[in-house]
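Please read it alongside the sequence and the three-dimensional view shown here.

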Amino acid sequence: MMLTAIGLMSGTSLDGVDVALIKTDGRRVAALGPSSYRPYTEAERALLRQALAEATQLERREARPGSLAEAERVVTIAHAEAVAAFVAQHKIAKDAVDLVGFHGQTVLHRPASKLTIQIGDAQALAKAIRIPVVYDFRAADVASGGQGAPFVPVYHRALAQSLGRDGPVLVVNIGGVSNVTYIDGHDTLIACDTGPGNALLDDFVFRTMGQAFDCEGRLAAQGQVDAAWLAQALQHPFFAKPAPKSLDRNDFAGLEQGKWSATDGAATLTAFTAGAIAAIVPLLPKPPQSVVITGGGARNLTMMRMLRERLAPAQVESADALGWSADAMEAQAFGFLAARGLKGLPLSYPATTGVAFPMTGGLVARP
């Protein structure tokens, strides 16, 4: 049975809430509907940054000390507002929506300690929007020894199979952290985080320029890459580890950076993200023939140029060029995952998160 789902995603880049409509049975994608975006305000983003910093001390999933309780309330309200605006804008009757997939805001991800924490009150959200909410997608995987990330690969596979292309396809999502999905036919599905996505770059641009991100990669386009720093940074042992592997947004935050100008720093950190993505290719069964870039990084023209240089001769294109949505991809995925979770289908696999056997996940909060 096909379900109509709204997917919600608030990523580690802390930019806002993505909303997307999808029709799916949890196996196939019948239709992609409209999407929208509810940005976080500067005050909300500052609160979330504070919550991220304080979350490093957490040892229990349910604990909400300090600013975390207020951050959870703000995240929940932002998601409720995002859904309300979305259904009003697109004239969608709430009783036409079967479920909502709610990822929440990740504030800590430490799979080695079997701990992953996403804030957001799903029960309060379900009551506010009056639609059943599927949430807490990652916990079961992490509790069973998986990395708990990435979780979008099964959705990438559903999309990639519709392309009908020969040879391996690599889908690269560049959010706060970058992750890849390697798809070769129906049987081979491999996924992992590859390294920093936009997080280091965004933090650097915010620190040096007071801007939330490097719009279209314009700063980086004017700078020179610090080749010596880049070569050294790419020696980090994480990049040589085979899949599956995952990262917290702040895992590379302590990396000592150079005394760069704003443009040179942006260029170097953009090149670091591209280099980290390229470093996964030798660890894959075969080089990909097609590479699809999604997430915020797909809007960064300098990032796209660097990826084309590093991943040649593979064809590198944005998700938008295929009629997919780079902006709405993860929101769509959590609508798709909500349907899979509701039906008890696997969300993660040994070759995507390292879990011992395919795992379903997600809990349901009803209005």
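C215 is partly exposed, with a relative accessible area of 35%, whereas C192 is buried at 1%. Here buried means under 20% relative accessible area, exposed means over 50%, and partly exposed lies in between, computed with a 1.4 Å probe on protein chains only. A search of the whole structure finds zero disulfides, a disulfide being a pair of cysteine sulfur atoms within 2.5 Å.

The model is predicted, so local features need pLDDT of at least 70 and side-chain atom pairs count only at pLDDT 80 or more, while totals for chains, interfaces and linings use all residues. Residues are numbered from 1 along each chain as its sequence is written, and side-chain values use heavy atoms, with hydrogens and water left out.

Helices (H or I, at least four residues) and strands (E, at least two) are DSSP runs numbered from the N terminus. Two strands pair if DSSP finds at least two bridges between them. Strand β2 (residues 16-24) is largely enclosed by the rest of the structure, because eight of its nine residues are buried. Strand β1 (residues 3-10) runs antiparallel to β2, and seven bridges join the two; the bridge partner of A5 in β2 is I22. The hairpin of β1 and β2 has five residues between the strands, and L14 in the turn has a positive phi of about 60 degrees. On pairing with strand β3 (residues 29-39), β2 is again antiparallel, over eight bridges, and D18 stands opposite Y37 in β3. Four residues lie between the strands in the hairpin of β2 and β3, where G26 takes a positive phi near 90 degrees.

Six of the six residues of strand β7 (residues 169-174) are buried. In a regular strand the side chains alternate between the two faces of the sheet. Both faces of β7 are covered, with V169, V171 and N173 buried on one side and L170, V172 and I174 buried on the other. Strand β8 (residues 177-184) runs antiparallel to β7 and is joined to it by six bridges, V169 having I183 as its bridge partner in β8. A hairpin connects β7 to β8 through two residues. Strand β10 (residues 290-294) runs parallel to β7, with five bridges between them, and L170 stands opposite V291 in β10.

**Two buried alanines**

A160 lies in helix α5 (residues 153-161) and counts as buried at 7% relative accessibility. Contact means heavy atoms within 4.5 Å; leaving aside residues up to four places away in sequence, A160 touches V169, I183 and W324. V169 and I183 are themselves bridge partners. The C-alpha atoms of A160 and P313 are separated by 19 Å, and these residues are 153 apart along the chain.

A71 belongs to helix α2 (residues 68-89) and is buried, with 0% relative accessibility. Not counting residues up to four places away in sequence, A71 touches L47, L48, A51 and I119. A71 and L21 are 50 residues apart in sequence and 26 Å apart in space, C-alpha to C-alpha.

**Cavities and a pocket**

On a 1 Å grid over the protein atoms alone, a cavity is a set of points where a 1.4 Å probe fits but cannot get out, and a pocket is an open set with protein on both sides within 12 Å along at least five of seven lines; lining residues have an atom within 4 Å of a point. Grid points are joined across faces, edges and corners, and a volume is the space filled by probe spheres set on the points. The whole structure holds two cavities of 30 Å³ or more.

| Cavity | Volume | Lining residues |
|---|---|---|
| Largest cavity | about 40 Å³ | G176, V177, G195, P196, A199, L200, L247, D248, R249 and F252 |
| Second largest cavity | about 30 Å³ | T12, L52, T106, V107, L108, D248 and R249 |

In the classes used here, Ala, Val, Leu, Ile, Met, Phe, Trp, Tyr, Cys and Pro count as nonpolar, Asp, Glu, Lys and Arg as charged, and the others, Gly among them, as polar. The lining of the largest cavity has six nonpolar, two polar and two charged residues, and β9 (188-196) and α6 (199-209) each supply at least two of its residues. For the second largest cavity, the lining comprises three nonpolar, two polar and two charged residues; strand β4 (residues 99-110) gives the most, with three residues.

The second largest pocket contains about 210 Å³ of space. Of its 15 lining residues, R64, Q118, G120, Y135 and D136 are the closest to its centre.
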